[in-house]
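Let's take a walk through this model together. Have the sequence and the 3D view open as you read.

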Number of protein chains: 2
Amino acid sequence: MNKKRITIKDIANVLNISPAAVSKAMHDDSRISTKTKEAVRRVAKELNYQPNHLASALRKGKSNLVGVIVPRTNSNFFSSVIENMEAVLNKAGYNIIITQSNESFDKECKNIDTLLYTQVDGIIASMANETVDLSHYEKIKSKGIPLILFDRGENDLNVDYVGINDYDSSHIIVEHLVEKGCKRIAHIGGYRRTRIFNNRIRGYVDALKKNKLPIDDSLIIESSLTLEDGRREMERLLSLDNKPDAVYVASDYAALGALQVLNESKINVPKEIKLVGFGNEPFTSLVSPSITSIAQHSKDIGRLAAETFLKRIAQPELKQSLNKIILEAQLIVRDSSS
Amino acid sequence: MNKKRITIKDIANVLNISPAAVSKAMHDDSRISTKTKEAVRRVAKELNYQPNHLASALRKGKSNLVGVIVPRTNSNFFSSVIENMEAVLNKAGYNIIITQSNESFDKECKNIDTLLYTQVDGIIASMANETVDLSHYEKIKSKGIPLILFDRGENDLNVDYVGINDYDSSHIIVEHLVEKGCKRIAHIGGYRRTRIFNNRIRGYVDALKKNKLPIDDSLIIESSLTLEDGRREMERLLSLDNKPDAVYVASDYAALGALQVLNESKINVPKEIKLVGFGNEPFTSLVSPSITSIAQHSKDIGRLAAETFLKRIAQPELKQSLNKIILEAQLIVRDSSS
DNA sequence: TACATTTGCTTAAACGATTAAGCAAATATA
DNA sequence: TATATTTGCTTAATCGTTTAAGCAAATGTA
């Protein structure tokens with residue numbers, strides 16, 4: 001068993017040159033002869049040399065690692081964002097460390113500590129539902145490490161952001177339902193303290209007003225938007241004397257829960273009640289009836305978040321104004337609303 | 001802006017002690033007075049000190065980082081495995097770096113290089129479908145870094161493994177379908193070169209034999225098991241003169257594709273054709289009809305893989321024999337087969 | 001030929017934390 | 001009182017790589 005680590009010193013010894021020369025040869029320094037470079041590369045391969053990231057990152061003060069925090073990876077939106085983000089960052093010589101908060105504030109704090117401790121060169125994050133206190137995000141900023149938020153952001157933090165226009169998305173959904181003849185549109189939303197969910201609620205309310213529909217507080221529900229939440233809140237809506245004729249759910253998972261309850265209650269979707277979800281998860285097209293939803297441009301968000309980070313790293317701090325990239329969402333109409 | 005990094009040297013200067021004393025105080029060394037320890041902790045907090053992982057990992061020759069490679073995170077099975085793995089490892093002082101291979105061999109090689117370069121203390125992986133050449137996995141072994149495989153393993157590698165009993169799972173499924181009166185059971189499986197899929201195919205064939213059913217090669221299909229593959233292969237099966245009366249699909253995603261085709265073709269599931277999937281993804285219970293599937297104990301697999309790694313790290317190499325943990329799968333019967 | 005420049009390296013000091021070895025002062029033991 | 005032990009630190013080397021500074025030899029220029 002080959003226990004001993006091979007270092008540049010070993011390569012240097014074989015060739016009778018200094019470790020410094022080896023290091024420079026590896027980095028294609030112009031002051032090293034072609035002959036030496038070739039020899040170094042050959043010996044490195046022979047000895048199965050693997051550079052030690054810890055040492056070079058320590059010396060250079062740069063790890064070429066980017067930390068990513070998502071509420072969960074088990075969602076098509078987030079995993080697609082990550083995939084596209086990674087592609088851009090890899091090309092620029094960065095590797096990513098993915099962490100999940102599981103929507104927990106505590107876990108998110110721990111993840112940030114881990115990432116800072118690991119000396120990442122930047123953090124790209126989407127906030128957990130639970131998160132209200134922003135001090136741990138401030139900590140990232142105070143260390144001068146670039147922070148990019150996507151999807152679940154927060155205006156107060158004053159950092160770069162990439163996401164879709166949630167306020168307008170609600171308008172698009174309400175307009176669509178009104179067009180289909182709906183008069184009592186309920187909204188199963190997220191908690192108002194999360195900016196994106198607050199924006200969806202505001203958009204929903206304003207769109208109702210714009211269409212001269214009354215605002216009924218019993219039709220506006222805040223929840224964590226899990227599948228179970230969707231079930232429970234749908235049951236609540238069905239128990240109302242004056243039932244809604246459409247439900248706009250701010251997450252596909254909760255929409256799925258709602259659909260289950262509707263199907264179980266033998267309520268015809270879309271004839272009796274129309275349903276719209278949010279996020280365009282793959283399963284929305286697979287269940288019956290298929291669920292109308294909002295596509296969030298996950299690929300673009302991933303790419304843009306990565307590019308924003310690279311821009312931030314390239315520029316000498318402070319000079320650059322804030323990047324706020326807001327994409328327009330797209331309604332994917334399916335059976336549950338037409 | 002506080003650009004300068006705070007190091008133990010800064011703390012040492014404030015207190016007029018040596019950096020070594022600070023380091024020891026931080027680690028609660030018995031040879032440091034309580035008074036000094038308290039002072040160090042206080043100053044560390046005041047200066048907002050963050051230990052530099054690169055430096056300590058370099059010196060200690062241990063990064064307390066575990067690399068994880070999965071084909072994709074966008075699957076309930078893998079994300080559940082990761083979540084439980086992380087819980088165990090965090091408790092033991094390790095953090096994890098998640099990487100996805102996207103089922104690509106090249107990406108998997110790159111991920112391994114990145115992880116080795118990052119000096120992880122171990123790697124826990126599930127192989128990409130494409131992977132046949134195992135030399136990059138041998139590289140991990142040759143460096144003496146613990147490697148644990150789960151779900152998608154490979155016998156030839158001779159490393160620790162955690163997974164379910166795929167061979168037996170096929171038996172359970174076939175027995176179930178035979179019990180329901182099926183006589184012509186088709187199998188849409190993965191490629192034989194991947195061990196788990198080979199085992200499922202072998203199990204399927206042996207179970208048919210055991211039940212005195214004929215083996216029909218036109219009913220055994222190999223594919224990548226994506227949703228699209230499921231659709232295409234189901235269409236092929238339906239075009240046969242002698243159609244099957246049951247289909248056992250080795251992945252829920254492909255099973256879903258098959259179900260879509262069956263629904264579109266107005267074939268009654270389960271009356272005309274029964275369907276069984278594999279993996280117990282959440283959507284299996286959500287589609288209609290709901291899909292019978294095999295639960296893979298993702299939580300246990302995650303936990304056990306982590307524990308196996310910890311055991312491996314704790315023991316002085318070689319001494320320990322191989323850990324092969326094979327869990328018994330569980331059939332979750334739903335509407336598509338009863 | 002005399003000097004300047006370029007080439008191709010070497011030397012040595014970092015990066016920040018850990019740790020073996022050592023040492024003086026305080027305390028315990030005989 | 002003399003010696004042993006314990007306490008509470010310091011010193012200095014080290015992990016593996018990078019890089020500023022320097023230096024001799026080779027090459028170019030006048």
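## How the two chains meet

Before counting anything, one term: two residues are in contact here when heavy atoms of theirs lie within 4.5 Å. With that in hand, and bearing in mind that this is a predicted model, how many residues of chain A are in contact with chain B? It's 50 residues of chain A, and they touch 50 residues of chain B. The area buried between chain A and chain B comes to about 4,500 Å², with carbon and sulfur atoms giving 53% of that. On the chain A side, the residues that lose the most area to chain B are A:Gln50, A:Leu54 and A:Tyr117. Together, those three make up 15% of what that side buries.

What about specific pairs? Between chain A and chain B there are 9 residue pairs in polar contact, counting those with both residues at pLDDT 80 or more. The interface of chain A and chain B also has 2 salt bridges. One of them joins A:Glu86 and B:Lys107, whose closest N and O atoms are 3.2 Å apart. Several elements of chain A give two or more residues to the side that touches chain B: H4, helix H5 (76-91), strand E2 (95-100), helix H6 (105-117), helix H7 (135-142) and helix H11 (252-264). Sorted by class, that side of chain A has 23 polar, 17 nonpolar and 10 charged residues.

## The layout of chain A

Now for chain A by itself. Its residues are split into three domains: domain 1 (8-51), domain 2 (63-163 + 298-327) and domain 3 (166-296 + 332-337).

## Around DNA strand C

Next, look at DNA strand C. It has 25 residues around it, and the closest are A:Ser18, A:Arg31, B:Ile8, B:Tyr49 and B:Arg59. Both chains show up in that list. Which parts of the DNA face the protein? Of the atoms of DNA strand C within 4 Å of the protein, 50% belong to sugar or phosphate, and the rest belong to bases.

Here are some individual contacts. A polar side-chain atom of A:Arg59 sits 3.1 Å from a base nitrogen of DNA strand C. On the chain B side, a polar backbone atom of B:Ile8 is 2.6 Å from a phosphate oxygen of DNA strand C, and a polar side-chain atom of B:Ser23 is 2.7 Å from a phosphate oxygen of DNA strand C. The elements giving two or more residues to this surface are helix H2 (19-26) and helix H4 (53-60) of chain A, along with helix H2 (19-26) and helix H4 (53-60) of chain B. H4(B) gives the most, with 4 residues. By class, the surface near DNA strand C has 10 nonpolar, 9 polar and 6 charged residues.

## Around DNA strand D

DNA strand D has 24 residues around it, and A:Tyr49, A:Arg59, B:Ser18, B:Arg31 and B:Ser33 come nearest. Of the DNA strand D atoms within 4 Å of the protein, 52% belong to sugar or phosphate and the rest to bases. The surface near DNA strand D has 9 nonpolar, 9 polar and 6 charged residues.

Chain A reaches DNA strand D through its backbone in two places worth a look. A polar backbone atom of A:Ile8 is 2.7 Å from a phosphate oxygen, and a backbone N or O atom of A:Ala55 is 3.2 Å from a base nitrogen. From chain B, a polar side-chain atom of B:Arg31 lies 2.6 Å from a base oxygen of DNA strand D. H2 and H4 of chain A and H2 and H4 of chain B each supply at least two residues of this surface. Which element has the largest share? That is H4(A), with 4 residues.

Most residues other than glycine have a negative phi, and most peptide bonds are trans. The peptide bond from B:Val269 to B:Pro270 is cis, with omega near 15°, and B:Pro270 sits in the loop between helix H11 (252-264) and strand E9 (274-276) of chain B. The peptide bond from B:Ser288 to B:Pro289 is cis too, with omega near -5°. You'll find B:Pro289 in the loop between E9 and strand E10 (293-295) of chain B.

Then there's B:Asp28, which isn't a glycine but has a positive phi of about 60°. Look for B:Asp28 in the loop between H2 and helix H3 (34-46) of chain B.

Methods:
Residues numbered from 1 in each chain as written. Chains lettered and ligands numbered in written order. Predicted model: local features only at pLDDT ≥ 70, side-chain atom pairs only at ≥ 80, totals over all residues. Heavy atoms only, no water. Domains from an automatic or database assignment. Near = heavy atom within 4 Å. Polar contact = N/O pair within 3.5 Å; in protein donor to acceptor, adjacent residues only side chain to side chain. Nonpolar A, V, L, I, M, F, W, Y, C, P; charged D, E, K, R; others polar. Buried area = accessible area lost by both parts, 1.4 Å probe. Salt bridge = Lys/Arg side-chain N within 4 Å of Asp/Glu carboxyl O.
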